[in-house]
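Please look over the chain below.

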Amino acid sequence: MTDVHTTHPAPGVLSRVFGTGQDGEGHEQVVLCHDRTSGLKAIIAVHSTALGPALGGTRFFPYGTEEEALQDALNLSRGMSYKNALAGLDLGGGKAVIIGDPDKDKNEAMLRAYGRFVESLRGRYITACDVGTYVQDMDVVARETSHVTGRSPEHGGAGDSSILTAFGVFQGMRASARARWGQPTLRGRRVGVSGVGKVGHYLVGHLVADGATVVVTDVSEAAVNRVRAAHPEVEVVADTAALLSSALDVYAPCALGGALTDDTVAALGAAGTAVVCGAANNQLAHPGVEKDLADRGILYAPDYLVNSGGVIQVADEIEGFNFDRAKNKATKIFDTTLEIFTRAAADGVPPAVAADRLAEKRMREISALRSVLLPAARRS
């Protein structure tokens with residue numbers, strides 16, 4: 001039996017969904033999904049369709065509580081609205097989370113049940129891969145819905161979106177180096193990468209090729225061993241605390257969100273780190289962290305700007321995937337990052353604020369354009 005509940009998550013959280021909370025940012029739709037046969041418990045959050053259908057990946061994660069899962073879906077979907085806007089895509093922002101351990105709980109029945117929930121939204125939400133889901137999973141989801149991207153090349157898809165996610169982060173890092181040191185290269189710089197899984201290990205490859213000294217850490221021994229096998233010159237430290245204290249020029253958080261806490265920023269400042277630029281979503285643990293970074297002289301490249309290469313890749317699939325075309329679009333992350341730094345300096349605000357303003361401006365302008373009623377075609 002399958003249950004669907006739309007826009008009624010739970011008592012006490014409605015203010016965050018409908019926009020009466022502190023950030024004032026409401027969501028258009030939140031769907032709680034429960035398929036009793038497969039055991040699926042999922043949440044689909046559509047933050048905005050101002051620019052078009054909401055596009056965002058599906059995170060499969062063993063959340064401690066449903067409240068925690070809901071909060072993650074709300075935060076991630078909002079971030080997707082801003083990410084897609086800054087990337088210049090005609091797509092809104094959405095995100096889905098599946099509650100469970102992907103290594104133990106994931107199965108075909110669950111993924112197909114999830115696909116039916118996506119299909120029930122009739123194109124308002126387009127899904128893709130995220131933490132805990134992979135190209136092969138999207139192929140299974142696609143057996144129940146056409147509103148899915150990030151499929152395998154064998155099925156006409158874009159394949160692993162981590163490739164262009166890492167490429168985009170590298171472009172953002174090059175732009176950060178240009179803004180901080182005058183040259184768009186990491187050659188001779190010491191870069192710390194926290195998390196070398198899906199995206200991080202590709203990023204390490206770009207950095208090594210560019211001449212950077214790379215230090216990494218990850219909770220997964222297998223992930224670390226894969227990086228060591230490909231790049232034996234990379235240094236490995238025990239944990240993120242050790243990484244933060246190891247005299248980095250650039251810190252790249254590439255694991256889960258909330259990496260930039262008050263304590264983390266203090267450690268980065270004490271170690272003399274100059275730039276933060278990484279692939280993780282929602283890196284700022286709470287409002288005000290972006291100002292703390294700026295006050296300490298640390299240049300922060302907004303996460304949803306620099307990690308947009310993946311969504312650019314899967315969005316290209318909607319029209320029939322062409323890797324070179326998608327890579328060309330992802331290359332522009334370099335220019336957009338420089339533009340954000342320029343706007344931030346001119347307005348006297350942190351880059352995260354400048355990025356928000358630019359994204360919101362595009363959403364307002366396109367939304368207003370869509371509200372103009374075009375005349376019907378004349379009949380002959």
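The axes of helix H5 (residues 162-181) and helix H6 (residues 200-209) come within 8 Å and cross at roughly 45°. H5 and H6 are therefore oblique to each other. Their crossing is right-handed. On the H5 side the contact is made by Ser162, Ile163, Ala166, Phe167, Val169, Phe170 and Met173; on the H6 side by Tyr202, Leu203, His206 and Leu207.

This is a predicted model: local features need pLDDT of at least 70, side-chain atom pairs count only at pLDDT 80 or more, and totals for chains, interfaces and linings use all residues. Residues are numbered from 1 along each chain as its sequence is written, and side-chain values use heavy atoms, with hydrogens and water left out.

Some terms used here need their cut-offs. Helices (H or I, at least four residues) and strands (E, at least two) are DSSP runs, numbered from the N terminus. Axes are lines fitted to C-alpha atoms, for helices over the stretch in contact, and angles run from 0 to 180 degrees between N-to-C directions. Angles under 35 degrees count as roughly parallel, over 145 as roughly antiparallel, 65 to 115 as roughly perpendicular and the rest as oblique. A crossing is left-handed if the near helix is turned anticlockwise from the far one by less than a right angle, and right-handed if clockwise. Contact means heavy atoms within 4.5 Å.

**A further partner of H5**

H5 also meets helix H13 (residues 323-331); the two axes come within 9 Å and cross at roughly 30°. H5 and H13 are therefore roughly parallel to each other. This crossing, too, is right-handed. Ile163, Leu164, Phe167 and Gln171 of H5 meet Phe323, Ala326, Lys327, Ala330 and Thr331 of H13.

Ser162 lies in H5. At 4% relative accessibility it counts as buried (under 20% relative accessible area; exposed is over 50% and partly exposed in between, with a 1.4 Å probe and protein chains only). Leaving out residues up to four places away in sequence, Ser162 touches Lys198, Val199 and Tyr202.

**Cores**

Which residues have the most contacts inside the largest nonpolar core? They are Met173, Leu186, Val193, Leu203 and Leu207, in a core of 44 residues. Such a core is a set of buried Ala, Val, Leu, Ile, Met, Phe, Trp, Tyr and Cys residues joined through side-chain atoms within 4.5 Å. A second, separate core has 25 residues, including Cys33, Phe60, Leu121 and Val141.

**The open sheet**

Six strands form an open sheet in the order E10-E9-E8-E11-E12-E13, with parallel pairing. Strand E10 (235-236) and strand E13 (299-300) stand at the edges, each with a single partner strand, so one side of each is left without a neighbour in the sheet. Two strands pair if DSSP finds at least two bridges between them. E9 is mostly covered, with four of its five residues buried.

**The E2-E3 hairpin**

E2 (29-35) is mostly covered: five of its seven residues are buried. Four residues lie between E2 and E3 in their hairpin, where Gly39 takes a positive phi near 90°.

The strand pairs compare as follows.

| Pair | Sense | Bridges | Facing residues |
|---|---|---|---|
| E9 (residues 213-217) and E10 | parallel | two | Val216 and Val236 |
| E8 (residues 190-194) and E9 | parallel | five | Arg190 and Thr213 |
| E2 and E3 (residues 40-48) | antiparallel | seven | Val30 and Ala45 |

**Two more residues**

His27 sits in the loop between helix H1 (14-18) and E2. Is His27 buried or exposed? At 8% relative accessibility, His27 counts as buried. His27 and His47 are 20 residues apart in sequence and 4.2 Å apart in space, C-alpha to C-alpha.

Ile366 belongs to helix H15 (residues 351-370). At 22% relative accessibility, Ile366 counts as partly exposed. Ile366 touches Ala50 and Leu51, not counting residues up to four places away in sequence.
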